[in-house]
Amino acid sequence: MSNAELPVTAISSKPRLMPDFADAWRHRALATTLAWRNIKIRYRQTILGSLWIVLQPLLLTGVLTVVLGMFLSVPSGGLPYAVFAFSGTTIWSAFQRALSDAAISLASSGNIVQKVYFPRMLIPAAAVIATVMDLLPVYALLIVVVAAFGLFPGWVILASPFFVLLALLMAFAIGLWMTVLDAVFRDIRLVTPSILQLLLYLSPVMYSETVVPDRWRALYGLNPLVGVITGFRWSVVAGAQPPDLIGIAWACVFVVLAAISGLMLFARLESFAIDRV
Amino acid sequence: MSDLAIEATGLGKRYVLGENTSRDRLRLALRSLLPNRPLAGEKELWALRDVSFSVTQGEAIGIIGRNGAGKSTLLKLLSRITQPTEGRAQLRGRVGTLLEVGTGFHPELTGRDNIFLSGAILGMPRAEVARKFDEIVAFAETERFIDTPVKRYSSGMYVRLAFAVASFLDPEILIVDEVLAVGDAAFERRSLNRLNQATGQEGRTILFVSHNLQAIRTFCRRVLVLDRGKLTFDGPVEDGISLYLKSIPRRIDVRDQNVKDRLNRTSGAVRFTNVTCLDADGLTTWQVGIGGTIRIRFSYEVLEPVSDMAFLIQLRSATTGQPLTAIREVVSASPLERGKTGVLELVLPNIQFRPNEISLYVCLSQADNRIFYDVIDENVDLPFLRVTSTATDKYATMGVVSLPYQFTTGA
């Protein structure tokens with residue numbers, strides 16, 4: 001083997017501005033391997049395995065349909081409440097799982113990150129990728145349910161992966177921030193559930209955003225998930241309210257900003273965090 | 001382009017001591033966002049400082065030094081597990097690390113899954129790992145268990161698999177820390193052969209940390225000696241080893257060494273405080289020629305009252321860990337009070353071991369062996385007892401012991 005083809009590793013005390021993307025790309029196979037590992041470990045010693053993943057949004061949908069849909073008659077933008085809620089919880093639970101798994105991922109990998117090197121950025125990335133596997137059966141079930149209600153959206157369904165991608169990228173970007181901080185301060189994992197719960201109430205998952213009074217709309221729209229969730233619902237359910245383009249644009253801008261700042265923070269604090277996991 | 005595999009310049013790693021409260025952490029975390037500036041007020045420890053060296057492709061380099069000399073820190077820096085505080089290094093080629101048993105293995109995953117995971121960590125395509133798969137499994141002798149989660153492996157199987165993965169997945173640079181000692185002697189020999197093959201025929205570069213000086217001798221042509229974070233020697237193996245042996249203090253204070261490990265394994269009611277090794281003339285030494293005499297002295301202190309006390313010492317082969325002999329004596333059949341101190345002296349006249357490195361395993365226990373009070377072995381920084389010989393006849397130095405014998409010839 002000639003010397004020239006070998007990858008050169010430069011080790012330096014100088015902090016990097018951004019993670020080493022070339023190195024991460026060389027290790028790209030690792031991201032999916034780690035994701036598979038996460039999934040295998042999660043369902044080891046379970047009986048129903050990934051069925052739990054389908055059950056979770058289904059149960060949430062059931063409760064919401066009974067309590068909010070039937071008892072309280074919460075507006076669902078003209079859609080059957082069950083379909084409305086199920087489409088919302090599908091994308092929401094993917095986001096929620098991706099973010100909460102990503103947030104604890106670095107600290108939970110202490111045994112491996114302190115013994116071998118690989119681009120650490122792949123750890124939160126793998127946590128997010130693993131949720132794709134969780135999402136697929138739920139997504140399939142959602143299509144069946146929507147079709148059963150006679151609300152199959154047609155070609156526009158091809159836009160739905162874009163919204164899924166947007167939700168997962170958002171989870172990854174915020175997850176970068178949270179996981180590197182969580183490795184140093186475990187406070188992060190303690191507040192994550194509360195933040196997610198607040199975010200759930202502030203997102204159009206269980207109610208249509210038409211219930212938000214006009215003068216609060218702009219403020220409400222600052223939640224970047226609003227555009228993602230309405231967009232996803234529009235792409236999978238016929239007759240759902242079309243998304244607000246500004247909301248989607250804002251979600252994209254938010255993802256870019258959060259990702260850039262998250263990557264910078266990660267590059268800066270990674271080594272500090274690994275020494276203290 | 002040169003054929004240097006590793007070039008390290010002024011490497012240093014600083015740890016801040018006493019970073020105990022969350023407030024300290026917050027302060028440090030905020031500061032680490034800013035450019036590196038000197039610390040004021042904190043206690044700091046340079047685990048490694050100003051270390052520069054270079055390694056040519058295909059070299060096998062041994063790294064020796066006492067506990068806390070910075071060996072592991074150096075390996076962690078070179079394998080990028082932790083970032084240096086100062087200095088830089090350049091490595092040419094993929095770097096595989098074997099810093100501890102089962103490095104990077106996940107206990108819940110099967111041997112098969114872990115092999116592929118390790119390959120991905122090295123940045124290898126799956127197909128390339130698949131090509132090496134059978135070779136790895138055969139070398140590790142884990143064919144029957146390859147689809148069993150590694151958490152059910154014996155420690156021997158675990159090490160064999162970890163080693164096989166690291167050495168067959170062909171990183172251009174292999175970094176190995178004191179891991180071979182866990183396997184059995186036969187496996188260690190095979191591992192060293194494997195490493196030899198990797199450097200000799202395949203041109204791989206190996207950095208090898210070991211307390212096993214014999215392994216270093218057979219396997220490396222050059223050593224780095226570290227002492228309290230500094231590189232004190234870089235050159236031929238024998239010179240490095242004798243410098244290292246000279247640096248070992250004569251009266252070794254073990255009172256506070258690795259107390260955590262000792263308390264994990266024992267009740268801690270009595271504590272070894274000092275160990276000294278003297279020759280027949282009362283001079284301190286950890287070397288003895290065949291037929292010579294040594295006295296090993298152990299001081300102890302009783303921390304909690306005990307009902308009685310026995311002393312156990314095993315002399316073990318430093319290479320294999322196998323006990324060569326053991327001696328057990330009752331120190332006191334009656335209770336010992338808190339605060340009592342004492343000295344135990346073991347005299348071994350007319351040593352009949354063949355040239356070897358001997359490690360000590362020493363315990364204080366209840367006379368019926370039910371409760372151990374303290375144990376020292378590799379957990380503290382005791383040197384090996386070296387048995388040397390000036391004999392030139394190789395049959396006078398071969399093997400482990402010399403037996404008294406008579407030999408007659410008849411017509």
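Two residues are in contact if their C-beta atoms, placed from the backbone, lie within 7 Å. By that rule, 42 residues of chain B are in contact with 33 residues of chain A. This is a predicted model: local features need pLDDT of at least 70, side-chain atom pairs count only at pLDDT 80 or more, and totals for chains, interfaces and linings use all residues. Residues are numbered from 1 along each chain as its sequence is written, while chains are lettered from A and ligands numbered from 1 in the order in which they are written.

**Chain B overall**

- Chain B holds nine helices and 19 strands. Helices (H or I, at least four residues) and strands (E, at least two) are DSSP runs, numbered from the N terminus.
- Of its 411 residues, 39% count as buried. A buried residue has 20 or more other C-beta atoms within 10 Å of its own; an exposed one has 12 or fewer, and partly exposed lies in between, with C-beta atoms placed from the backbone.
- Among contacts in chain B with a separation of 6 or more, 74% link residues 24 or more positions apart.

**The side of chain B that touches chain A**

- Helix H1 (22–32), strand E4 (86–92), strand E5 (95–98) and helix H3 (111–121) of chain B each supply at least two residues.
- E4(B) gives the largest share, seven residues.
- This side divides into 16 nonpolar, 15 polar and eleven charged residues. Ala, Val, Leu, Ile, Met, Phe, Trp, Tyr, Cys and Pro count as nonpolar, Asp, Glu, Lys and Arg as charged, and the others, Gly among them, as polar.

- Four strands form an open, antiparallel sheet in the order E1(A)-E4(B)-E1(B)-E2(B). Two strands pair if DSSP finds at least two bridges between them.
- Strand E1 (8–12) of chain A and strand E2 (44–56) of chain B stand at the edges, each with a single partner strand, so one side of each has no neighbour in the sheet.
- From one strand to the next, the twist averages 15 degrees. Axes are lines fitted to C-alpha atoms, for helices over the stretch in contact, and angles run from 0 to 180 degrees between N-to-C directions.
- E1(A) and E4(B) are antiparallel and joined by five bridges. Thr9(A) has Leu91(B) as its bridge partner in E4(B).
- E1(B) and E4(B) also pair antiparallel, over five bridges. Here Glu7(B) stands opposite Gln90(B).
- Strand E1 (residues 4–16) of chain B pairs antiparallel with E2(B) over nine bridges. Leu4(B) faces Thr56(B), and Tyr15(B) faces Leu45(B).

**A sheet within chain B**

- Strands E10-E11-E13-E16 of chain B, in that order, form an open antiparallel sheet of four strands.
- Its edge strands are E10 (251–253) and E16 (341–348) of chain B, each pairing on one side only.
- Neighbouring strands are turned by 15 degrees against each other on average, direction ignored.
- Eight bridges join strand E13 (residues 294–302) of chain B to E16(B) in the antiparallel sense. Phe298(B) stands opposite Leu344(B).

**Helix packing in chain A**

- Helix H3 (residues 51–71) and helix H6 (residues 122–148) of chain A pack at about 55 degrees, with axes 8 Å apart.
- H3(A) and H6(A) are therefore oblique to each other. Angles under 35 degrees count as roughly parallel, over 145 as roughly antiparallel, 65 to 115 as roughly perpendicular and the rest as oblique.
- Ile53(A), Val54(A) and Pro57(A) in H3(A) meet Asp134(A), Pro137(A), Val138(A) and Leu141(A) in H6(A).
- The residues of this contact divide into six nonpolar, no polar and one charged.
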